[in-house]
Amino acid sequence: MPIKKKRISPRQKMINLMYVVLMAMLALNVSSDVLQGFSLVEESLNKSTQNASVANQGIYSTFEKQMKANPAKVRQWYDKALYVRGLSDSLYNLAEELKVAIVKKSDGKDGDVKDIRNREDLEASTQVMLAPGTGRGKELYDAVNDYREKIVKMVTDKEKREIISSNFSTDVPSKGQLLGKNWQEYLFESTPTAAAVTLLTKLQSDVRYAEGEVLHNLISNVDVKDIRVNQLKAYVIPSSQTVVQGGRFNAQIIMAAVDTTMRPTIYIDGKPIESDKGMYETVCGRTGDFTLNGFIEMLNGSGEKVQREFSQKYTVVAPSATVSADIMNVLYAGYDNPMSVSVPGVPNNKLRVSLSGGTLTPKGDGKYIAHPDTPGGEAVITVAADNEGRMQEMGKFTFRVRKLPDPTAFIAYGDGNGGENHFRGGALSKQVLMATEGIGAAIDDGLLNISFQVQGFETVFYDAMGNAVPYKSNGASFSDQQKNQIRGLARNKRFYITEVRAIGPDGIERTLEGAMQVIIK
């Protein structure tokens, strides 16, 4: 049977899309869950690369047989095929060498690319690829450029030539240009080990894909009618092995080395499918693990029926989304609460997020600002995703809405090094105290850091008879009377700051409880 001109497979399209998602994730502060996701991408890339390698090896074997049968006819194409193999193996092996070096830098001399322990390590890829004098990023950059320039010249199909050029592009995206980074810095600077290895595996997958395209182009110059197929095998190529409930499972079912003049008959669960291109689709109404079983039937060169069975597992998952308050599991009324929203497997630009009882402002990269209106109730965030052209609700998330807690009053003074200290009670020198303007108030508990505007406060001094004498200030600064009283205090004498009134970003004025004791030292 003749060799069919290779087309871009749905799996290859999926790999390219996964690479785009991968690059987006590198701009984020990735979590352990996302790093685990790189392992899944790595596994899929390795399978794609392995399949491409097997297919390419088949063409090399065909060239060798044809070379023995008719060397005068095949020699020039066979030599070019060997040249392509040398180019491809060189770049492929360089990527593999760099993967091993990065993993060993991350996990030690016994590091294993197939079992990375320190996946989150941000230093290994930077040291291996970008270290001054020893970094190998420039070596990879030059190798990729050299491979692209040489391999593209051997591809005649314009569309495939553009795809290969894009796969091996070393242009720095606009974001990287704004940061002043070159190609290798943009890809590998402070990149987690798991992500760096996946990037290099993607490069290896692209190499085998480009190698295969050139080989198909070369073999087409040989009389392929002389080639006979000696093995038939059924394949299922799903667009995804994980499907959201309500979504569609798509798979292409083919037989390797199929005769383009004779379409096989495909049976699913004993029934033939109607598609003449091997495309199968079914609506997934239940969650769980499923298996697509069937067989392909076609006629061989002798007119006999040949049947090959196939089996493909896939998973249907329930709609899910993740919404988290970046501060805590509550929202504060009248305050800009930072939020993070994500749905596994769905890009952020495909999400529609809304908030009841307030406003929700997108800030990009899955970040939002939630601004609830009224304390004491609940705010509900609803997340929907664009699922094949229709909006599907992925979940509702309820948060309690509270009033901002009261701040703590303080006296700010310099620390002598250009910084600022906050005095909240105890002993303080008169010199430092007289140099301050007044008092401030803020929530500064390590979780929240919110400033309040002081509207007024009261100081209480004690005269020689022990009587309390209050003095008021109608702002954040000490009044002249208050300063005069402070100036007249002897060492170890004390006074109290009470009745502090402050307004926060929610616009609510509150009078702070308690008193700040100040002892002159």
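N387 is buried, with a relative accessible area of 16%. Buried means under 20% relative accessible area, exposed over 50%, and partly exposed in between (1.4 Å probe, protein chains only). N387 lies in strand β15, residues 378–387. Strands (E, at least two residues) and helices (H or I, at least four) are DSSP runs, numbered from the N terminus. V346 is 41 residues from N387 in sequence, yet the two C-alpha atoms are 8.8 Å apart in space.

This is a predicted model, in which local features need pLDDT of at least 70, side-chain atom pairs count only at pLDDT 80 or more, and totals for chains, interfaces and linings use all residues. Residues are numbered from 1 along each chain as its sequence is written, and side-chain values use heavy atoms, with hydrogens and water left out.

**Chain and confidence**

The protein chain has eleven helices and 25 strands. Of its 521 residues, 42% count as buried. Contact means heavy atoms within 4.5 Å. Among contacts in the protein chain between residues at least 6 apart in sequence, 65% join residues at least 24 apart.

pLDDT is the predictor's confidence in each residue, from 0 to 100. Its mean over the protein chain is 81, and 80% of the residues reach 70 or more. Over residues 223–230, pLDDT stays under 50. For that stretch the model has 15 contacts beyond four places in sequence. Where pLDDT is low, the predicted coordinates should not be read in detail.

**The sheet around β15**

Strand β15 belongs to an open sheet of four strands, in the order β10-β16-β15-β12. The pairing is mixed. Two strands pair if DSSP finds at least two bridges between them. The edges are β10 (330–332) and β12 (351–355). Each has a single partner strand, so one side of each is left without a neighbour in the sheet. From one strand to the next, the twist averages 35°. Angles run from 0 to 180 degrees between N-to-C directions, with axes as lines fitted to C-alpha atoms (for helices, over the stretch in contact).

β10 and β16 (residues 390–402) run parallel and are joined by three bridges. V330 has R400 as its bridge partner in β16.

**A hairpin**

Strands β17 (residues 408–414) and β18 (residues 420–423) run antiparallel, joined by four bridges. I411 is bridged to F423 of β18. Five residues lie between the strands of this hairpin, and G416 takes a positive phi near 90° there.

**Helices and cores**

A nonpolar core is a set of buried Ala, Val, Leu, Ile, Met, Phe, Trp, Tyr and Cys residues joined through side-chain atoms within 4.5 Å. The largest has 43 residues. Those with the most contacts inside it are F63, L91, L140, Y147, I164 and F168. Helices α2 (32–69), α3, α4 (124–130), α5 (137–152), α8 (183–188) and α9 each supply at least two residues of this core. The largest share, twelve residues, comes from α3.

What does L140 touch, not counting residues up to four places away in sequence? Its contacts are L91, L94, L98, M129, W183, F188, L200 and L203. A second, separate core of 30 residues includes Y335, L448, A502 and M516. In soluble globular proteins, nonpolar side chains tend to be buried together.

S106 is in helix α3, residues 71–107. Its relative accessible area is 9%, so S106 counts as buried. Leaving aside neighbours within four places in sequence, S106 is in contact with N118, D121, A124 and T193.

T198 is in helix α9, residues 193–219. T198 is buried too, with a relative accessible area of 1%. Its side chain reaches the backbone oxygen of A194 at 2.8 Å. That is a polar contact: a pair of N or O atoms within 3.5 Å, where within protein one must be able to donate a hydrogen and the other to accept it, and residues adjacent in sequence count only if both atoms are side-chain atoms.
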